[in-house]
Amino acid sequence: MAKLQFGGVAEDVVTREEYPLDKSREYLKNDTIAVIGYGVQGPGQALNLKDNGFKVIVGQRRPSKTWDKAVADGWVPGETLFDIEEALQQGTIICYLLSDAAQIDLWPTVKKHLTAGKTLYFSHGFGVTYKEQTGIIPPTDVDVILVAPKGSGTSLRRMFLDGKGLNSSFAIFQNATGNAREKAIALGIGVGSGYLFETDFYREVTSDLTGERGTLMGAIQGIFAAQYEILRKNGHSPSEAFNETVEELTQSLMPLVAENGMDWMYANCSTTAQRGALDWWKKFRDATLPVFDELYNSVKAGEEAARSISSNSQTDYREKLEVELKELRESEMWQAGATVRKLRPENN
Ligand SMILES: NC(=O)c1ccc[n+]([C@@H]2O[C@H](COP(=O)([O-])OP(=O)(O)OC[C@H]3O[C@@H](n4cnc5c(N)ncnc54)[C@H](OP(=O)(O)O)[C@@H]3O)[C@@H](O)[C@H]2O)c1
C-alpha cells in the first residue's frame, strides 16, 4: 500500500508498483478464475485476465448471442467456455458478473457450488448489501470480495489494449481463509486496474448508485436537455444548440479536464468564457445540491435498489429499456448529434 494525499486527505492505495502483475500471477497460480456472465464487464475482465496470463474460464448460458460473442472473442467451448454450472464447478474464484437482477435468479445455483475455501467475487456491492431484497447471503466458509472498475467493461478492455488502466475500488466482505484481501488486490491488478482504492460493499454501492444517477449519467443528460431547450426556445438552430451544449464539451473541453483538471480547461478558454464560468458555477452547484441530497437519501433508504430490482427483473425489461433509449435517441437534441457526428472530418 502507498499512502498518498488526495486533496489533503491521506489515503492508502495500491498501484502496480506495490503489487506488480508478476506477484499477482504468482499468488493466483493455482486458481481457476471462472467469469460468470459475458455481458459488459465479463468480456473486459475475462480477456484482460487471460492476456495477463491467468487461468480463466467463462461461464455463459446458451443458446444466446452472448455465447456466440464469447466464441468470437476466442473462448473455446469445452476448454475455456462452459455452461454456467460447469464453470461454477471448475472455478476456485467465482467472478459473479451477471447483471445485478440476474444474480438474484441464479443465486441458488451459484450457492450450491460455493464449497468451503472458494472465493466469491463481485464487481458491485449491490447483491450483498441489499440482501433482504436479493436473497444473496454467501456461506460463511468462502471469501467474499469485490473489485469494481470505475467505468464500463468496454473501457476497461480498450484502455488495457492502449496500455492504460481504469481505476477500481476493492473491498472485503468476508475473510474466511485469511487471504481475502490479498486475493482482491491480486485480482484487481489482474483485471487491468490503474490504481486500487479500498472501500466496503455498502460504500461502493451507495457511491456508485449516486454517481450513475448523478453527474456520470442522469444529471448530465438533464443539464444537456435543459440548456438545449432554452437555446432552441430562443431561436438557435439545432446545430448551434448541440455544438454549444454537447459537442464542444465532449470533443474539446472534457479531454482538457481529463488531462489536467478544471482550472486547466478554464485557463485554455477565452477570458470571456472564464469570467462567465467562474461567475456561474456556484449558482449551478447551489441549484443542484438539493437534488443530489434527495438522490443520496433515496439511495440510502434502499429505494433506488428496490426500483432497480423490480424493473430489471421483469421479463420484458429489455423491450421497455429499448423504448426509453429510443426516446433519447430520437429526441431532437440527439438526432442533431447524430448529424454532427457524421460531419466530423474523421468520419468522412
Ligand atoms: N456495465 C459495466 O460496465 C459495469 C461497471 C462496473 C460494475 N459492473 C457490475 O458488474 C456486474 C455485471 O454487470 P454487466 O453490466 O456486465 O452485466 P450485463 O451486461 O447486464 O450482464 C449480462 C450477462 O448476464 C447474463 N444473464 C442475464 N440474465 C440471465 C439469467 N436470467 N440467467 C443467466 N444469465 C443471465 C447475460 O446472458 P444473456 O446475454 O444470454 O442474457 C450476460 O452474460 C454487475 O454487478 C454490475 O453492477 C458493471
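## Aromatic rings and a buried glutamine

At 48% relative accessibility, Trp280 counts as partly exposed, a class that lies between buried (under 20% relative accessible area) and exposed (over 50%), with a 1.4 Å probe and protein chains only. This is a predicted model, in which local features need pLDDT of at least 70 and side-chain atom pairs count only at pLDDT 80 or more, while totals for chains, interfaces and linings use all residues. Residues are numbered from 1 along each chain as its sequence is written, and side-chain values use heavy atoms, leaving out hydrogens and water.

Let's turn to the rings. Searching the whole structure gives 10 aromatic pairs; rings of Phe, Tyr and Trp (its six-membered ring) pair if their centres lie within 6.5 Å, with planes under 30 degrees apart stacked, over 60 edge-to-face and the rest tilted. The rings of Phe126 and Tyr130 are 5.3 Å apart at their centres with planes at 65°, so they are edge-to-face. Both Phe126 and Tyr130 are buried. For Trp280 and Phe284, the centres are 6.2 Å apart and the planes are at 45°, so this pair is tilted.

A charge sits over a ring if NZ of Lys or CZ of Arg is within 6 Å of the ring centre and within 35 degrees of the ring normal.

| Charged end | Ring | Distance from ring centre |
|---|---|---|
| Lys50 | Trp75 | 4.8 Å |
| Lys283 | Trp280 | 5.2 Å |

Finally, the glutamine: at 16% relative accessibility, Gln174 counts as buried. Its side chain reaches the backbone oxygen of Val142 at 2.9 Å.

Note on methods
Polar contact = N/O pair within 3.5 Å; in protein donor to acceptor, adjacent residues only side chain to side chain.
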